[in-house]
Amino acid sequence: MLLEMDGIDKAYGGVPALRGASFAVEAGEVHALIGQNGAGKSTLIKVLTGYTRRDAGQVRFRGQDFAPAGPQAAQAAGISTIYQEISLVGQRSITENICLGRETRRFGLLHWRRMHEEAAALLGRFGIQVDVRRTLASYPTAVQQMVAIARAIAFQAALVVMDEPTSSLSDAEVQVLFGVIRQLRAEGVAVVFVSHKLDELYAVCDRVTVLRDGRTVQVSQMDGLPKLELVATMLGRDLSSVARAGATAFGAKRGRHGAALLAVQDLRAGPRVQGVSLDVGQGEVVGVAGLLGAGRTETARALFGADVRDGGRVTLDGRDFAPQGPGDAIRAGIGLCTEDRKAEGIVPELSVRENLTLALLPRLARAGIVDETRQAAVVAQFIKQLDIRCAGAEQPVGQLSGGNQQKVLLARWLCTDPRLLILDEPTRGIDVGAKAEIQALIRALAASGLGVLMISSEIEEIVEGADHAYVLRDGRTVARLTDAGLSEHAVMDAMAHGAHAGLHAPMLDAHA
Amino acid sequence: MLERVAVPAAPPVRRVTVTALLARHGAVVALAALILLALVATPNFLSMRTLNVNLTQVAGIVIVALGMTLVVATGGIDLSVGSLMAIAGALAPMLFLGRLVPLPAPWVGVALALTVPVLVTGAFGWFNGWLVTRYRIQPIVATLVLLIAGRGIAQVVTNGNLQAFRNPAFQVIGLGRLLGLPVQVWLMAALVLLFAWAMRRTLFGRQILAVGGNERAARLAGVPVSRVKRRVYVISGLCAGVAGLVVIAINSAADANLVGLGMELDAIAAVAVGGTALSGGRARIGGTLVGALVIQMVRYILLALGVPDAAALVAKAGLIIGAVWLQRQGRVA
């Protein structure tokens with residue numbers, strides 16, 4: 001065994017994250033590590049990579065006891081990590097990012113030419129041709145992800161940990177990444193692969209370890225392991241109950257259109273939004289699909305007043321709507337759940353209570369003084385209603401699992417009693433169980449009359465969850481899909497080919 | 001409405017480590033230790049006179065540090081407070097001595113001297129906030145402008161002259177007594193209570209913490225980030241103005257070269273020792289009070305033992321380093 005972890009305990013502020021977890025990886029295998037949010041995957045990885053110290057247990061790496069003093073020590077020992085959130089320096093060049101910490105020197109000075117060559121060669125292995133002298137931030141997320149991987153590999157690692165490496169990659173890029181992973185395996189490097197996407201695990205992994213509630217509950221070969229069994233183990237549920245559920249938990253569609261709520265015509269904002277048109281009715285879940293960089297998030301931000309709008313017409317309840325900032329949008333009854341929970345959603349050090357009521361606070365205050373009785377009532381109600389699992393309303397929200405953080409953010413908007421909720425990737429990076437809860441919640445919210453604009457990269461979420469859906473491509477609406485026309489094939493076709501060119505004018509006529 | 005799908009987590013067990021405890025209450029422990037040291041090492045520590053001397057001296061630090069706490073909680077810093085004190089200190093005597101505007105009655109001069117300088121420093125605070133929000137200048141650079149220019153302004157206004165005065169009505173805020181304690185101590189106590197209440201109970205207080213904790217998230221949740229930031233700098237400016245008046249009232253003189261000199265460091269040290277994260281998102285008003293007392297005790301003990309002022313600065317630096325180290329321990333734990 002290359003790596004053996006046994007009886008690992010770890011608690012944060014008294015809340016156990018790992019309870020006697022074990023994990024073993026052989027050289028030259030690709031090992032999937034899965035579990036619901038809060039199962040302890042991230043904590044196990046942090047223990048392994050030296051970001052945090054275990055409370056108890058043994059770790060043996062390359063046959064020796066292993067207790068890294070920090071991430072650098074782990075890296076020096078041969079363990080490289082690629083995190084879900086890219087942890088590189090955006091303002092420095094790609095070369096600097098790849099070579100940071102292991103710079104090539106000549107006569108005591110940096111040997112820039114050699115380093116540029118190395119960086120370009122490493123990225124070339126993944127089929128990526130970029131100017132390595134330019135800053136990292138000037139490239140799209142997918143390229144940044146590849147740079148993170150190149151950096152990990154450049155350290156001559158014996159074990160590469162990839163924590164949801166595909167969450168910001170397109171399908172083609174995922175295939176490139178899989179090629180790299182297979183190449184690493186052939187070279188005898190072990191890869192720990194963390195992902196919520198089962199298909200990816202089956203495509204690339206040899207074995208799987210399942211964590212649940214901080215314990216290791218299953219270790220087996222991927223080959224011949226039924227997907228259903230894997231899901232059931234992860235959830236700790238009976239097989240038959242999973243079998244009854246669909247791929248998503250949205251439930252029945254309404255199949256009809258509500259009264260018009262939001263109408264967007266030819267919206268333009270910055271380079272990414274070049275002509276987006278869409279409609280959301282009361283009680284509808286409207287999907288927005290598109291590849292990375294199609295302008296979905298930017299559209300949401302422009303509608304919410306977070307970014308400046310360059311043109312186009314937006315009406316809310318038939319009246320022109322041009323918010324000068326998020327405050328205007330919130331007062332008009334709109335909420336926006338952002339894609340990036342950590343950077344744009346939670347205030348990690350503040351309590352669940354403060355985070356949950358952040359948008360509502362102005363309304364909870366009279367003469368600037370917060371009515372704490374009403375605040376506590378609102379918080380208690382939503383913790384119960386959304387089943388937010390926390391040690392209490394005063395627990396810092398940063399300590400919750402991703403799924404529960406997302407519920408707090410949903411509650412932040414729901415408690416403002418909005419009419420339109422914009423959800424940007426509402427189920428990204430959260431476990432299967434919490435995902436199902438949130439999908440069911442979205443449907444329940446729509447049934448109560450709320451209009452939902454749901455941006456998602458998961459096609460089945462769009463197809464099963466939305467009453468109708470729009471596909472964006474290069475900042476423009478290229479397809480409006482309804483009823484039987486809303487199929488996986490149609491969505492993918494529109495993403496790939498842009499459906500019928502110049503469609504937006506006739507499309508608006510079609511349902512005016 | 002929703003079904004539980006996962007096993008509920010076990011009830012959390014709170015385990016408190018010594019370092020975590022120290023990180024939370026380190027300033028109180030340090031203060032207790034310093035008081036013990038003072039009892040042993042300095043003569044006559046346990047007297048009303050000593051208490052009053054210490055409280056009188058600490059009041060100015062506390063008042064400035066309160067405003068600083070809010071600025072730091074938004075993730076900013078205000079280096080201009082000492083210079084703003086000098087501006088307030090320069091303006092007040094000119095007002096009650098009638099050098100700026102003719103006075104119909106002496107009380108008008110005192111009323112003007114107690115209000116106008118504070119409003120002026122508040123306006124300078126607004127300027128700091130405007131630089132920070134409008135041009136996105138880093139607070140340390142933006143407030144550096146007035147750290148340098150502010151004292152210059154005070155010197156120009158007074159032609160660099162020392163203004164000595166005797167005005168009992170004005171000097172109540174520095175020399176007056178109420179129930180045996182100096183008036184400025186009551187003022188300080190009232191402000192501490194006001195700030196502590198405001199941070200806990202008001203919308204503004206919660207928004208300060210949200211801005212400091214995650215500015216982008218706060219903006220998207222509808223928090224008027226720029227307005228909140230401008231206001232904390234205004235408040236810091238107002239606090240500096242009040243402290244400036246108190247200091248000149250105590251001294252019966254205003255010297256633009258000396259009023260508030262080095263106060264920005266004392267205030268930042270008090271905030272840091274008090275446990276407010278310098279990275280923003282946290283504000284401990286009570287901590288700031290304790291932090292200021294710690295700094296005052298260090299200064300008093302060193303003075304009483306005959307250690308030169310310059311060496312006291314080194315001790316202060318050590319304190320800040322210790323406080324920040326403890327804060328980091330608290331994060332990790």
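# A walk through chains A and B

Let's begin in chain A with A:Leu88, which sits in the loop between strand 6 and helix 3 (94-99). Helices here are DSSP runs of H or I with at least four residues, strands are runs of E with at least two, and both are numbered from the N terminus. This is a predicted model, where local features need pLDDT of at least 70 and side-chain atom pairs count only at pLDDT 80 or more, while totals for chains, interfaces and linings use all residues. Residues are numbered from 1 along each chain as its sequence is written, chains are lettered from A and ligands numbered from 1 in the order in which they are written, and side-chain values use heavy atoms, with hydrogens and water left out.

Which residues does A:Leu88 touch, leaving aside its neighbours within four places in sequence? They are A:Asn97, A:Leu136, A:Gln144, A:Val147, A:Ala148 and A:Arg151, where contact means heavy atoms within 4.5 Å. Take A:Gln144: it is 56 residues from A:Leu88 in sequence, yet 8.2 Å away in space, C-alpha to C-alpha.

Strand 6 leads us to a sheet. This one is open, with six strands of chain A in the order 6-9-10-3-11-12 and mixed pairing; two strands pair if DSSP finds at least two bridges between them. Strand 6 (79-82) and strand 12 (215-221) of chain A are at the edges with a single partner strand each, so one side of each has no neighbour in the sheet. On average, neighbouring strands of this sheet are turned by 20° against each other, direction ignored. Strand 6 of chain A runs parallel to strand 9 (residues 159-163) of chain A, and four bridges join them. A:Ile82 has A:Met162 in strand 9 of chain A as its bridge partner.

Two helices pack on this sheet. Helix 5 (residues 141-154) of chain A touches strand 6 and strand 9 of chain A, and its direction makes about 175° with that of strand 6. Helix 6 (residues 171-186) of chain A touches strand 3 (30-35), strand 9 and strand 10 (190-194) of chain A, making about 145° with the direction of strand 10. Such angles run from 0 to 180 degrees between N-to-C directions, and axes are lines fitted to C-alpha atoms, for helices over the stretch in contact.

Chain A also has an open sheet of four strands, with the order 2-1-4-5 and antiparallel pairing. Its edge strands, strand 2 (15-25) and strand 5 (64-65) of chain A, each pair on one side only. Strand 1 (residues 3-12) of chain A pairs with strand 2 of chain A over eight bridges, and A:Ala11 has A:Pro16 in strand 2 as its bridge partner. Lying across strand 1 and strand 2 of chain A is helix 1 (residues 41-48), which runs at about 115° to strand 1.

Further along, strand 23 (residues 468-473) and strand 24 (residues 476-482) of chain A pair in the antiparallel sense over six bridges. They form a hairpin with two residues between them, and A:Asp474 in the turn has a positive phi of about 50°. A:Arg473 stands opposite A:Arg476 in strand 24 of chain A.

Now for chain B and its helices. Two packed helices are described by the angle between their axes and the distance between the axes. For helix 3 (residues 81-96) and helix 4 of chain B, the axes come within 8 Å and cross at roughly 150°. Helix 3 and helix 4 of chain B are therefore roughly antiparallel, a term for angles over 145 degrees, with under 35 counting as roughly parallel, 65 to 115 as roughly perpendicular and the rest as oblique. Among the residues that meet are B:Leu91 and B:Phe96 in helix 3 of chain B, and B:Val116 and B:Phe124 in helix 4 of chain B.

Helix 4 (residues 106-134) of chain B also packs with helix 10 (residues 225-251) of chain B, at an angle of about 145° and with the axes 7 Å apart.

Then there's helix 7 (residues 183-201) of chain B, whose axis comes within 5 Å of that of helix 8 (residues 203-213) of chain B, crossing at roughly 75°. That makes helix 7 of chain B roughly perpendicular to helix 8 of chain B.
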